[in-house]
Amino acid sequence: MLLFLDSEWNLSKEEWGLIGRCNRAAEMLFPYSSRQAEAWSVWAFKQYRMTGKSPERLRDERCPGIKEIHAKRPPKRPRF
């Protein structure tokens with residue numbers, strides 16, 4: 001799970017919900033790289049603030065059909 005723990009961020013309840021949506025979209029795009037997922041999630045949050053595009057829309061623009069791909073062949077999760 002990705003978190004935004006920067007103490008400089010003063011976020012509303014709605015913005016925390018948006019961060020959760022960004023994190024879920026990022027984990028779908030980058031299931032094997034938490035570093036890339038976190039970077040994309042921060043980018044998606046900033047894009048929403050600047051353009052109003054939802055994280056789901058940004059995800060689908062980057063990788064059309066990803067939901068169908070995941071439904072047919074979900075990513076393998078590493079065992080710990």
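User: What are we looking at, and how is it numbered?
Analyst: This is a predicted model: local features need pLDDT of at least 70, side-chain atom pairs count only at pLDDT 80 or more, and totals for chains, interfaces and linings use all residues. Residues are numbered from 1 along each chain as its sequence is written, and side-chain values use heavy atoms, with hydrogens and water left out.

User: How many helices and strands does the protein chain have?
Analyst: Four helices and zero strands. The order from the N terminus is α-α-α-α. Helices (H or I, at least four residues) and strands (E, at least two) are DSSP runs, numbered from the N terminus.

User: What share of the protein chain is buried?
Analyst: Of its 80 residues, 29% count as buried. Buried means under 20% relative accessible area, exposed over 50%, partly exposed in between (1.4 Å probe, protein chains only).

User: Take α2. What is its span?
Analyst: Helix α2 covers residues 34–51, 18 residues in total. It reaches 25 Å from first C-alpha to last, close to the 26 Å expected at 1.5 Å a residue. The expected span is 1.5 Å times one less than the number of residues.

User: Which residues of α2 are buried?
Analyst: Ala37, Trp40, Ser41, Ala44, Phe45 and Gln47. Seen down the axis of α2, these fall within an arc of 165°, so they line one face of the helix. The arc is that of the directions from the helix axis to the C-beta atoms.

User: What is exposed on the other side of α2?
Analyst: Arg35, Arg49 and Met50 are exposed there.

User: What do the buried residues of α2 pack against?
Analyst: They pack against α1 (13–29) and α3 (55–62). Contact means heavy atoms within 4.5 Å.

User: What follows α2?
Analyst: Gly52, with a positive phi near 85°. Gly52 is also a contact of Gln47, as are Lys53 and Leu58, leaving aside neighbours within four places in sequence. Gln47 sits at 16% relative accessibility, so Gln47 counts as buried.

User: Switching to α1. Which residues are buried there?
Analyst: Leu18, Ile19, Cys22, Asn23, Ala25, Ala26 and Leu29. Their cover includes α2, α3 and α4 (66–72).

User: Which residues in the largest nonpolar core touch the most other members?
Analyst: Of its 14 residues, Cys22, Leu29, Phe30, Trp40, Ala44 and Phe45 do. The largest share, six residues, comes from α1. A nonpolar core is a set of buried Ala, Val, Leu, Ile, Met, Phe, Trp, Tyr and Cys residues joined through side-chain atoms within 4.5 Å.

User: What is Phe30 in contact with?
Analyst: Gln36, Ala37, Trp40 and Arg62, leaving aside neighbours within four places in sequence.

User: Last one, His70. Buried or exposed?
Analyst: Buried, with a relative accessible area of 18%. His70 is in helix α4.

User: What does His70 touch?
Analyst: Met28 and Pro75, not counting residues up to four places away in sequence. The backbone oxygen of Met28 lies 3.0 Å from a polar atom of the His70 side chain. His70 and Leu29 are 41 residues apart in sequence, and 9.8 Å apart in space, C-alpha to C-alpha.

Conventions: A polar contact is a pair of N or O atoms within 3.5 Å; within protein, one must be able to donate a hydrogen and the other to accept it, and residues adjacent in sequence count only if both atoms are side-chain atoms.
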